[in-house]
Amino acid sequence: MAAATKKYVGQPLKRVEDPRLIKGIATYIDDMTLPGMLHVAFLRSPYAHAKINSINTDAAKALPGVIGVFTGAEVNDKCGVVPCASQMPDLKNPNHKVLAGGRAYFVGHAVAVVVATDRYVARDALDLIEVDYEPLPAVSDPQKALEKNSPLTHPELGSNTAFTWTLANGDIDAAFKQADRVVHQCMIHQRLTPMAIEPRGCIASHHPGEGTMTLWTSTQIPHLIRTLLPGMIGVAENKLRIVAPEVGGGFGSKLNLYAEEALCCHLAMRLGAPVKWIETRRENAMSTIHGRDQIADYEIAVKKDGTLLGIKSRTIADLGSYLQLLTPAIPTLTGLMLGGCYKCKAVRMDVTGVYTNKMATDAYRGAGRPEATYAIERMMDVIADELGLDPIKVRQKNFPKPGEFPFNTPTGLTYDSGNYQGALKKAQQLVGWEKLLKQRDTARKAGKLFGIGISTYVEICALGPSKMMAAGGWEWGCVRIEMSAKVTVITGTTPHGQGQETSFAQIVADRLGVPIEDIVVMRGDTAVAHYGRDTYGSRATAVGGSAIVMCIDKLVAKGKILAAHLLRTKPNKIEFRDGNFFIKGSPKKSVTWKQLAPESYLAKNIPPNFEPGFEASSFFEPSNCTYPFGTHIVAVQIDRETGEVTFVKYTAVDDCGPQINPLLVEGQVQGGIAHSLGQVLFERTVYDENAQLITGEFMDYAMPRAKDIPEYLLGSTVTPSPSNPLGIKGVGEAGTIGATPAIANAVIDALSPLGIRHLDLPLLPEKIWKAIQQAKGSQK
Amino acid sequence: MKFTGVCKIPAPREKVFNAITDPAVLQRCIEGCEKMVKTSEDSYDAHLKIGLAGMKGSYVGKIQLKDVKPPESYTLIMSGKGGPGFVNGAAKISLAEKNGETELHCDADAQVGGLIAAIGSRLIEAAAKRMADEFFKKLAAEVGKL
Amino acid sequence: MIPSSFDYFRPQNLDEAVKFLSQHEDAKVLAGGHSLIPAMKLRLAQPGTVIDISRIGDLSYIREQGDKILIGAMTTHHDIESSALLKEKCPLLPEVAACIGDVQVRNKGTIGGSLVHADPAADWPAPILALDAELEIAGSNGRRAVSASEFFVDMMQTAVQPNEILSEIRIPKTAKSVAYVKSAQKASGFAIAGVAVVIFGNQTRIGVTGVAAKPFRASSVENICADVEPLNDIHASAEFRAHLAQVNARRAVELARSRE
């Protein structure tokens with residue numbers, strides 16, 4: 001199929017999604033009402049760990065407007081446990097039920113649910129429920145949790161160790177023996193709260209006559225929920241319809257099947273009415289999954305010229321008190337990317353997953369890869385510092401060359417394509433590297449704390465080959481040319497801000513040669529998008545877009561057959577370009593979709609054995625993940641007296657392969673930088689020593705705001721991926737992965753003249769100030 | 001949250017001890033304590049309305065007097081739960097007689113949880129100290145009345 | 001996120017507001033709502049009655065009277081921030097107003113509401129103390145005036161009694177030698193250490209907020225926190241607060257001097 005003259009792909013088109021979002025006329029879950037709908041509110045434990053001796057719901061039930069009040073005793077044996085897709089050989093699973101049973105084990109653990117005629121009554125009823133709690137010792141510190149006499153998060157499991165996991169390749173002992181030096185650093189990747197602008201919510205509606213259940217929910221994964229929900233509520237997959245309406249941000253926090261969603265379905269069936277639940281911000285902070293939370297102890301064996309010989313990591317992952325869908329898998333993704341974009345023959349990572357009385361952790365923008373990249377990029381700076389080498393040269397020394405791709409890593413991956421040297425060079429050019437170095441010199445001579453940080457990163461996304469994905473990693477797409485020649489595109493991905501309604505239309509417009517205004521992209525409803533593996537892991541355009549391309553190819557092939565028939569020639573004499581089917585050599589003898597489509601649907605003049613209609617659907621199975629990469633260069637200045645960090649320069653060069661819509665790419669990188677800025681400088685989820693959640697509102701959980709975003713200079717290189725026909729690598733998480741270490745390294749570089757070589761995240765003003773004071777003290 | 005306090009009460013030790021183990025006196029000294037109902041030898045159910053300014057929460061809880069060693073010491077154990085959260089505390093109170101005056105030492109450990117632990121985290125220490133100061137002030141006045 | 005039930009009154013004028021207040025024991029006054037409503041939504045405050053004074057028009061004004069400027073209690077932070085009169089004759093107030101919250105908060109929040117709520121980390125107390133302002137309080141017995149130093153009684157407690165309403169703030173005109181330097185808590189934007197400086201001839205007056213349980217006038221420039229116990233929380237230790245107070249005081253004094 002000859003490629004159309006590119007009109008849309010590559011253009012920074014404004015998003016089709018935006019007008020409705022900006023005007024406030026998009027439909028989110030809380031905008032929806034169903035006749036007879038009831039409202040749900042959850043009573044949640046204020047204790048991190050407590051026996052529940054009794055729950056008295058009499059007063060709550062007596063409140064006018066309350067339809068029912070349920071506790072674990074009434075629902076737990078009627079619903080399945082919250083599913084965890086990730087299996088480890090020695091995994092201990094506490095089997096999280098929809099409501100607390102005899103014991104609450106984290107602050108925010110739902111212990112009772114009220115169903116009422118309106119949300120106000122439901123909330124008032126919560127205050128009337130009396131729970132007799134008997135506090136138990138709470139586990140808050142994951143390292144202390146592993147000590148012999150620690151209280152247990154789950155006494156029946158006998159230990160706070162959830163699982164152990166090891167990844168090992170190459171002769172790590174030999175590597176360490178041969179080393180000129182072993183560089184050691186312990187690094188903390190703090191717990192974060194995703195804080196999507198729209199908290200969770202759902203409406204469950206059961207049709208008793210048809211035996212069908214519809215669940216509208218603010219989710220990233222309607223298809224995966226359709227696969228997992230039967231196990232929890234006993235309704236078969238083919239009687240389930242899951243719909244994701246407009247979703248106000250996910251970032252991984254909605255890549256899950258939550259107890260509340262299943263319980264709402266159960267209540268809808270039990271009470272014979274639709275049931276609606278909308279989470280408050282505080283509930284979101286307490287009981288929507290948290291991200292990150294790893295303590296990593298790294299040792300890297302190096303030659304004195306900076307060559308990496310072996311990487312060892314002992315990591316403690318604080319999982320929280322139970323398992324959501326991918327909780328144990330996240331640190332294993334860290335293991336896969338252990339070596340970053342460097343050659344290193346020997347690796348070993350030992351992970352201990354630990355239970356504490358906190359909310360469960362799970363995938364959060366980057367899901368394990370920001371942890372890996374932060375660690376290896378910090379280590380490269382520490383190595384450079386210890387060996388007295390230039391941090392850029394140390395990195396370059398270990399880069400694979402462009403000709404060495406596909407590049408096999410010791411962690412068992414094959415990086416599809418890359419040019420780390422190219423991205424680094426471009427970033428240096430963009431930022432004005434030599435000038436920046438001089439600027440640092442001048443600033444330092446004037447006594448300023450000025451630092452430059454870089455990160456050269458690679459990440460794994462566009463998940464992925466089905467062999468490595470628990471529920472399959474393919475993606476499904478459907479393209480239908482209607483009788484009117486308008487085009488309907490259906491994707492099994494579930495965009496919730498990523499912009500595929502626009503970018504897929506760009507791809508289809510170019511390849512089918514139809515005006516972009518004639519295309520609509522549908523998603524998010526399992527009754528419309530029959531199959532799919534949804535949106536996470538920066539996969540939608542790479543994998544979902546490829547499925548769309550397969551459909552287009554099928555449609556064009558079919559179009560040629562019908563065109564040949566109408567033009568009275570053979571299909572192999574037909575060429576297709578810019579929406580025109582014409583006879584080779586006689587371009588005036590042509591038909592367009594506008595003529596073909598009605599012919600195909602009215603079917604009065606179709607060739608023998610020709611199926612009417614113009615619809616194609618395809619499953620795309622990727623051969624590999626993709627590996628976007630790039631270089632971020634950051635310059636900061638620190639106020640010595642207040643510890644406050646100001647950005648002086650921010651440059652990022654990211655390679656996500658060919659870009660369908662540069663505006664979308666910029667948006668993703670910009671958002672990723674914001675995420676990283678927050679993580680490095682002020683975001684953190686704080687539980688106190690009694691596992692009480694302190695950062696439960698925006699009063700205490702600091703988020704980046706518009707005025708915090710530095711002026712940035714973005715560039716890109718384009719290295720296509722051989723893993724899919726579009727050559728696309730994906731960019732949804734790359735920004736977050738690349739930016740965190742660059743910013744952190746810049747801050748540490750600013751402090752390095754004081755002899756400070758590492759500080760853990762977040763780099764709060766007080767932490768920086770204290771480090772400066774300590775350094776001053778030790779210099780006396 | 002831990003804190004210690006010392007206060008001097010111009011009265012002999014026995015008098016002070018009787019006052020601080022008298023539930024009626026305790027109720028008047030604990031700010032916002034609306035009710036104290038005896039449930040057993042050394043235990044009481046208590047209704048408290050405590051907080052800051054316009055943001056007072058109602059708490060229902062138990063007060064226990066343990067390890068009562070007249071006139072030297074005892075431990076006051078309190079637990080209360082309400083809408084805004086819960087408070088658990090134990091205070092070891094010991095009395096020393098000095099020149100006809102009593103020196104009261106208070107060694108307290110309190111846990112706060114729920115909404116108030118989060119929202120109020122920066123104010124909790126200051127609020128607790130304030131409540132403790134109020135308590136001792138009121139106690140000195142009560143003892144003076146006896 | 002849903003308050004408990006309450007009765008709602010909207011008085012026509014201040015006298016009616018005071019009357020409603022004295023008739024309902026468990027009542028709270030609603031001005032801009034940006035302190036009261038969040039507290040109600042979290043059910044930390046559960047007033048039986050809300051008395052909404054936000055539409056009483058004649059409580060919002062900024063006008064000159066002799067060597068003073070009178071500010072109605074319902075004047076929004078935004079109006080103070082953008083007041084040409086204040087920028088000219090008492091520039092400290094617009095400077096502080098610009099540091100409060102964000103645009104949406106400043107459009108609704110009022111100086112009176114903020115002062116009476118007396119959050120230990122709010123911005124207004126610092127300049128009010130540094131300016132030695134006078135505050136007028138309306139009660140059932142008429143109006144009475146209280147000095148800034150008497151106004152802040154304790155943590156979140158002011159001289160305004162439960163049945164009174166703050167009506168006016170009176171501030172002196174100043175020269176340009178004023179400044180406000182603030183270290184903000186990153187999440188809420190409230191002050192960890194906010195220092196307001198007013199230089200009056202050879203007198204330097206320093207008002208500090210965010211550092212202690214209540215705002216205070218620093219008695220010594222060299223040791224700002226000599227007479228107070230700084231607060232301690234996850235955002236800043238007592239030690240760091242005291243340090244920032246000292247740094248910000250020095251910077252505010254330098255800034256004020258440079259503007260002379």
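Visitor: What should I know about the model first?
Guide: This is a predicted model, in which local features need pLDDT of at least 70 and side-chain atom pairs count only at pLDDT 80 or more, while totals for chains, interfaces and linings use all residues. Residues are numbered from 1 along each chain as its sequence is written, chains are lettered from A and ligands numbered from 1 in the order in which they are written, and side-chain values use heavy atoms, with hydrogens and water left out.

Visitor: What makes a set of residues a nonpolar core?
Guide: The set must hold buried Ala, Val, Leu, Ile, Met, Phe, Trp, Tyr and Cys residues joined through side-chain atoms within 4.5 Å. Buried means under 20% relative accessible area, exposed over 50%, and partly exposed in between, using a 1.4 Å probe and protein chains only. The largest such core has 151 residues, and L229(A) and L751(A) have the most contacts inside it. Helix α20 (residues 734–751) of chain A gives the most to this core, eleven residues; helices (H or I, at least four residues) and strands (E, at least two) are DSSP runs numbered from the N terminus. The core draws at least three residues from each of domain 2 and domain 3 of chain A.

Visitor: Which residues does L751(A) touch?
Guide: Leaving aside residues up to four places away in sequence, L751(A) touches L449(A), I638(A), I756(A), L759(A), I768(A) and I772(A). Contact here means heavy atoms within 4.5 Å.

Visitor: Where do the domain bounds come from?
Guide: They come from an automatic or database domain assignment. Chain A is divided into domain 1 (18–23 + 474–620), domain 2 (32–136 + 198–248 + 254–287) and domain 3 (291–463 + 624–779).

Visitor: How much area is buried between domain 2 and domain 3 of chain A?
Guide: About 2200 Å², with carbon and sulfur atoms giving 64%. Buried area is the accessible area (1.4 Å probe) that two parts lose on being put together, summed over both. Helix α10 (residues 281–287) of chain A gives the most to the domain 2 side, with five residues. Zero salt bridges are found across this interface.

Visitor: Why is the pair R251(C) and D639(A) called a salt bridge?
Guide: The definition asks for a side-chain nitrogen of Lys or Arg within 4 Å of a carboxyl oxygen of Asp or Glu. The side chains of R251(C) and D639(A) meet at 2.8 Å, N to O, so the pair qualifies. Six salt bridges are found across the interface of chain C and chain A.

Visitor: What else describes that interface between chain C and chain A?
Guide: The two chains bury about 2100 Å² between them, 53% of it on carbon and sulfur atoms. K186(C), I234(C) and F240(C) supply 29% of the area that chain C buries against chain A, more than any other three residues. On the chain C side, the largest share, seven residues, comes from helix α10 (residues 238–258) of chain C.
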